[in-house]
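Work through the exercises below with the model at hand. Try each task before reading its solution.

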Amino acid sequence: MLRIYNYQDLNTDDLQQLVQRNVDPANEIRSIVETIIETVREHGDNALLDYAHKFDKVKLDKLYLDKAELSELANALQPEQKEALKTAYNNIYKFHQAQLGKEDKIETMPGVTCWRELRPIEKVGLYIPGGSAVLPSTFLMLGIPARIAGCKEIVVCSPPQKSGKVNAFIAYVAELLDIDRIYFAGGAQAIAAMAYGTESIAKVDKIFGPGNQFVTKAKTIIQSTTTTAIDMPAGPSEVLVIADETANPIFVAADLLAQAEHGSDSQAVLVTTSEQMAEAVIVELNKQLPVLPRAEIAGQAIANSYAVIVSSLNQAMQFSNLYAPEHLILATESWEQITGDIINAGSVFLGNLTPESVGDYASGTNHTLPTSTYARAYSGVSVDSFVKKITFQHISPQGIGNIGPTVEILAELEGLHAHKNAVTVRLLN
Ligand SMILES: NC(=O)c1ccc[n+]([C@@H]2O[C@H](COP(=O)([O-])OP(=O)(O)OC[C@H]3O[C@@H](n4cnc5c(N)ncnc54)[C@H](O)[C@@H]3O)[C@@H](O)[C@H]2O)c1
Ligand SMILES: N[C@H](CO)Cc1c[nH]c[nH+]1
Ligand SMILES: [Zn+2]
């Protein structure tokens with residue numbers, strides 16, 4: 001069950017150690033992933049077929065499903081299941097569509113005009129996890145902003161299921177998003193295939209999507225070794241709940257377990273101003289955990305998690321900013337007083353009636369979020385992730401007279417005379 005720490009007993013080193021997660025000290029995962037990447041690079045589709053057999057225990061006779069096959073699979077859904085996916089689709093679409101705001105042109109000096117225009121990234125690769133649970137919600141979270149941005153080519157990879165197919169929910173989302181094919185490739189091999197290209201799978205410009213430690217390590221490796229970019233490291237799920245005496249321990253325990261059930265390497269942290277709250281949450285965890293179908297996985301994640309007792313909500317926020325959680329829940333009626341102090345978090349859930357699960361599925365925000373302290377520097381996926389913002393400038397006859405002398409002096413002080421001359425010739429002619 002949850003280990004309990006007292007914030008006041010922790011020194012700086014203890015705190016640094018406590019907030020570390022998913023470390024790969026002996027580089028075991030790195031070395032497995034490097035071998036997989038090299039093998040896919042050399043052997044292309046054949047390597048993908050072999051890895052599907054080795055890791056997913058599926059003997060594939062082909063590497064993808066096309067539109068007609070997906071459509072047939074999607075027929076198996078019940079009307080209420082389709083409705084739920086459509087509601088999620090509509091909310092996510094609405095929230096992301098609003099991110100496409102147009103920027104004004106700025107005249108920095110008379111006759112000197114600068115502005116930015118969006119252009120979609122042409123070829124994008126979406127990774128939809130499917131190891132311990134198949135996540136059609138992730139397909140919505142990646143496919144909707146890709147479509148809104150206007151990406152031309154969308155490659156989708158997901159691990160093959162035992163049936164040798166994808167599940168009907170994934171197939172239906174493919175229909176909603178008008179996707180032509182889904183490739184059967186999971187783990188590091190899928191990331192390598194999209195970064196290098198294979199006989200079947202096109203090389204893409206940027207790879208998106210969450211995944212386990214193999215997927216996340218592969219993304220960080222290909223980011224530094226190929227010309228393919230990535231959205232961010234979005235690894236094993238995590239949540240940090242800040243709770244005071246106004247929180248409901250039943251809700252808090254349920255929220256901790258919701259992320260714990262993703263995987264044994266997930267983490268669910270409670271930071272509370274009240275020792276009684278910590279005890280009440282542990283009582284609730286003991287009630288709720290054993291009846292979960294994924295109790296074993298969730299139990300392992302809870303065993304890797306902990307609670308921290310703090311003296312105030314401000315101290316709670318200090319710890320949370322250091323931890324930089326993927327998901328931050330403010331289980332307090334005073335949430336409005338502390339939201340301004342949030343510095344590092346992927347996505348935030350305010351008050352006692354806002355479960356993290358709404359963001360996972362259907363409120364509209366994106367659930368592909370930075371983990372493992374990367375929320376200190378990265379944002380979650382949005383339409384911005386799928387576009388480039390290209391800067392433009394135009395100089396009028398009046399503008400060259402205004403800006404030219406400044407550039408001549410700056411070029412001269414850097415000793416770059418050809419730069420200076422490109423201005424001078426315009427001023428003189
Ligand atoms: N941060 C986010 O935004 C976010 C969102 C959704 C899910 N997630 C996380 O995504 C993860 C999904 O993980 P998953 O495992 O269910 O699915 P996954 O699709 O990420 O990984 C499955 C693949 O891992 C590979 N694999 C498994 N064992 C291996 C081994 N021993 N060696 C090499 N490769 C191996 C296999 O190829 C398999 O196809 C979870 O940790 C979940 O918490 C994170
Ligand atoms: N909580 C996950 C992100 O860490 C997203 C997800 C998908 N389905 C359920 N949850
Ligand atoms: Zn979740």
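## Exercise 1: H419 and the listed sites

H419 has 15 other C-beta atoms within 10 Å and is partly exposed. The cut-offs are 20 or more such atoms for buried, 12 or fewer for exposed, and anything in between for partly exposed, with C-beta atoms placed from the backbone. This is a predicted model: local features need pLDDT of at least 70, side-chain atom pairs count only at pLDDT 80 or more, and totals for chains, interfaces and linings use all residues. Residues are numbered from 1 along each chain as its sequence is written, while chains are lettered from A and ligands numbered from 1 in the order in which they are written.

**Solution.** 
- Step 1. Helices are DSSP runs of H or I with at least four residues, strands are runs of E with at least two, and both are numbered from the N terminus.
- Step 2. Positions follow the numbering used here, feature names are shortened, and annotations may be inferred rather than shown by experiment.

## Exercise 2: D360 and ligand 2

**Task.** Is D360 buried or exposed? Which residues surround ligand 2?

**Solution.** 
- Step 1. D360 belongs to helix α14, residues 356-361.
- Step 2. D360 counts as buried, with 21 C-beta neighbours inside 10 Å.
- Step 3. Beyond neighbours within four places in sequence, D360 is in contact with S137 and H367. Contact means C-beta atoms, placed from the backbone, within 7 Å.
- Step 4. The residues around ligand 2 are L135, S137, T138, S237, Q259, E326, D360 and H367. Each has its C-beta atom, placed from the backbone, within 6 Å of the ligand.
- Step 5. Sort that shell by class: one nonpolar, five polar and two charged. Nonpolar covers Ala, Val, Leu, Ile, Met, Phe, Trp, Tyr, Cys and Pro; charged covers Asp, Glu, Lys and Arg; the others, Gly among them, are polar.
- Step 6. Domain 1 (28-106 + 119-233) and domain 2 (236-376) each supply at least three residues of the shell around ligand 2. Domain bounds come from an automatic or database domain assignment.

## Exercise 3: A second set of sites

**Task.** UniProt also annotates Y127, Q189 and N212 as "binding site" in the unreviewed entry.

**Solution.** 
- Step 1. Y127 is in strand β5, residues 123-127. Y127 is buried, having 31 other C-beta atoms within 10 Å.
- Step 2. Leaving out neighbours within four places in sequence, the contacts of Y127 include C157, F208, G211 and V215.
- Step 3. N212 lies in the loop between β8 (206-208) and α8. N212 is buried, with 20 other C-beta atoms within 10 Å.
- Step 4. Not counting residues up to four places away in sequence, N212 touches G131, P236 and G263.

## Exercise 4: The shell of ligand 1

**Task.** How many residues surround ligand 1? Which element gives the most to the shell?

**Solution.** 
- Step 1. Ligand 1 is surrounded by 30 residues, the closest being G131, G186, G187, P210 and G211.
- Step 2. Two elements give two or more residues to this shell: α2 (28-56) and α8 (213-225). α2 gives the most, with three residues.
- Step 3. By class, the shell has twelve nonpolar, 16 polar and two charged residues.
- Step 4. Domain 1 and domain 2 each contribute at least three residues to the shell around ligand 1.

## Exercise 5: One side of a helix

**Task.** Which residues of α12 (313-323) are buried?

**Solution.** 
- Step 1. The buried residues are L313, A316, M317, F319, S320 and Y323.
- Step 2. They lie on the same side of α12, because they cover an arc of only 160 degrees around the axis. The arc is taken from the directions from the helix axis to the C-beta atoms.
- Step 3. The elements they pack against include α1 (12-19), β10 (238-243) and β13 (327-331).
- Step 4. Just after α12, A324 has a positive phi of about 55 degrees.

Key
Two residues are in contact if their C-beta atoms, placed from the backbone, lie within 7 Å.
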